[in-house]
Amino acid sequence: MLRIEGLTKTYKTGDKALSDVSFEAPQGQVIGLIGPSGAGKSTLIRCINRLVEPSSGAVWLNEVNLPTLRSGELRRARRRIGMIFQEYALVERLTVMENVLSGRLGYVGFWRSFTRRYPGADIANAYRLLDRVGLMAHADKRADALSGGQRQRVGIARALAQNPELLLIDEPTASLDPKTSRQIMRLIVEICRERNLPAIINIHDVVLAQQFSDRIIGLQSGRMVFDGPPSGLTEAVLTQIYGEEDWTAMQKGASEDAEAEAEEKAQAEKMLRAL
Amino acid sequence: MSIASAETPIWQHRTPRRRLMLWAGWLACVALFVWCWERMTQRTIWAFVWDAPNAAADIGSRAFPPRWSYMERLWGPLWDTINMATLGTLLGIVMAVPLAFLAASNTTPSRLILRPIALFIIVASRSINSLIWALLLVSILGPGILAGILAIALRSIGFIGKLLYEAIEETDISQVEAITATGASQSQILTYGIVPQVLPAFYGISVFRWDINIRESSILGLVGAGGIGAQLNASLNTLAWPQVSLIILVILGTVIVSEWVSAKVRHAVI
């Protein structure tokens, strides 16, 4: 379980990216973090695993306060925090399998990782994960040979290879088309359900956030301005987070998209049966 | 103001003032050129210059045909030259790679001490031509191939080090971030996050430098550092023009082959 208390980040330039953010993420809960660009969503996620050092506040993960850890302890804590990135952040010139196994780097020694002699259990688990995300056939391809959606699946498998207790997900769909975005979001949510994992998903797309999260947190210039169920995202709340916009039309358009997708799927199934 | 009105503003690329300055600038350049030409040719003996085509034709006729039988005495020095270039490049790589990681701002362990030192070594190596390194080393180590290998290596450090550290600095930070987030150690971040990204650049730079070193090692013999250059020097001193032309042909052939190999290898890794 993750508990954040009074998390604050002030950058060297004096910009206050986060001020006094506090919330709890219980087991298995998918939290959608929304807010305009520059609201501090990325900073919040990175302050948890300390890719960005928080200025003050506490981040409790299973009774360990992450900001107080020294480098060795921090590495051990990071092993259990999976992270999925916007531009996939795969090591492009390594194979899919090497990328998935890189999730085990915190657990194996330098020479084992350097010579790619990972323990048999890790390799077996990596194959299971590749099968889970539907990339079994691509294990030995280079990461840069895959499509965007496939790369993001590798990113998911890498995060899961860490055997995480928490998933941090930074704009997982920002570089994907609408349909692939839905598939990726669905996969992430399914995996969180299977493993009872808490996840914080930083996401631009309000409609996707509403559709796939159990809970929404809204950030506006570094402050939490909303915390509640997706159904609580009313016009007034969205206007408070993002400013004036025709929110109803946007949500209606999105539900039409979803319907069209469902119809397309039904059509495809019909065609398959006809064959 | 509407477009239809008679007084559409006149647009010009440059203002009259800037046009005038441009003209003045060109005039100054031409004046400088004329003055320089005067200075340069003050001590030229024009009779020699007018005679140049004849002199060239004379040397050309003496140098042709190349003395093919001399080839049997060139194989040894040619082999030395190629070895000098290859071993020198390898030695240069061994020293340049750690330097590059120390010099790159994103991988250096100490920004204030080690990085400036590494950068200084790279600049020092680059600023001295390998012919000058060879001159120094021949007087220190005595003539021979060893001086040549070290001269090539010392010059290569700067070249490989500079290009490699620039490649390291241009790596994609998000891949490094992702590897860091898995709980990897510093050395694992280096081997997984950075090395795969710079490997193609590394191969390309190394082969390119080897190709340059083949050319450079063929002249090191002029200052006593062994290889085919020594033969060239001896032939020039004895005015053995048919041998000179043969040596030049051999160097040309070697350079073409090395360039071809280097292009092939770079094409294969990138």
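Predicted model: local features only at pLDDT ≥ 70, side-chain atom pairs only at ≥ 80, totals over all residues.

User: Why is chain B called more spread out than a compact globule?

Analyst: The globule rule gives 18 Å for 270 residues, whereas the radius of gyration of chain B is 27 Å, well over that value, so chain B is more spread out than a compact globule. Its C-alpha trace spans about 80 × 70 × 35 Å along the principal axes. Chain B has 10 helices and 0 strands.

User: What share of chain B is buried, and what makes a residue count as such?

Analyst: A residue is buried if 20 or more other C-beta atoms lie within 10 Å of its own. In chain B, 36% of the 270 residues are buried.

User: What makes β2 and β5 of chain A edge strands?

Analyst: The open antiparallel sheet has the order β2-β1-β4-β5 in chain A. Both β2 (16-25) and β5 (64-65) pair on one side only. Helix α1 (residues 41-48) of chain A packs on this sheet and touches β1 (2-10), β2 and β4.

User: How many residues of chain A and chain B are in contact?

Analyst: The contact involves 21 residues of chain A and 19 residues of chain B. On the chain A side, α2 (71-78) and α4 (110-114) each supply at least two residues. That side comprises 9 nonpolar, 6 polar and 6 charged residues.

How values were computed. Residues numbered from 1 in each chain as written. Chains lettered and ligands numbered in written order. Pairing = 2+ DSSP bridges. Helix = DSSP H or I, 4+ residues; strand = E, 2+ residues; numbered from the N terminus. Contact = placed C-beta atoms within 7 Å. Axes fitted to C-alpha atoms, helices over the stretch in contact; angles between N-to-C directions. Nonpolar A, V, L, I, M, F, W, Y, C, P; charged D, E, K, R; others polar. Rg over C-alpha atoms; globule rule 2.2 N^0.38 Å. Buried ≥ 20, exposed ≤ 12 C-beta atoms within 10 Å, placed from the backbone.
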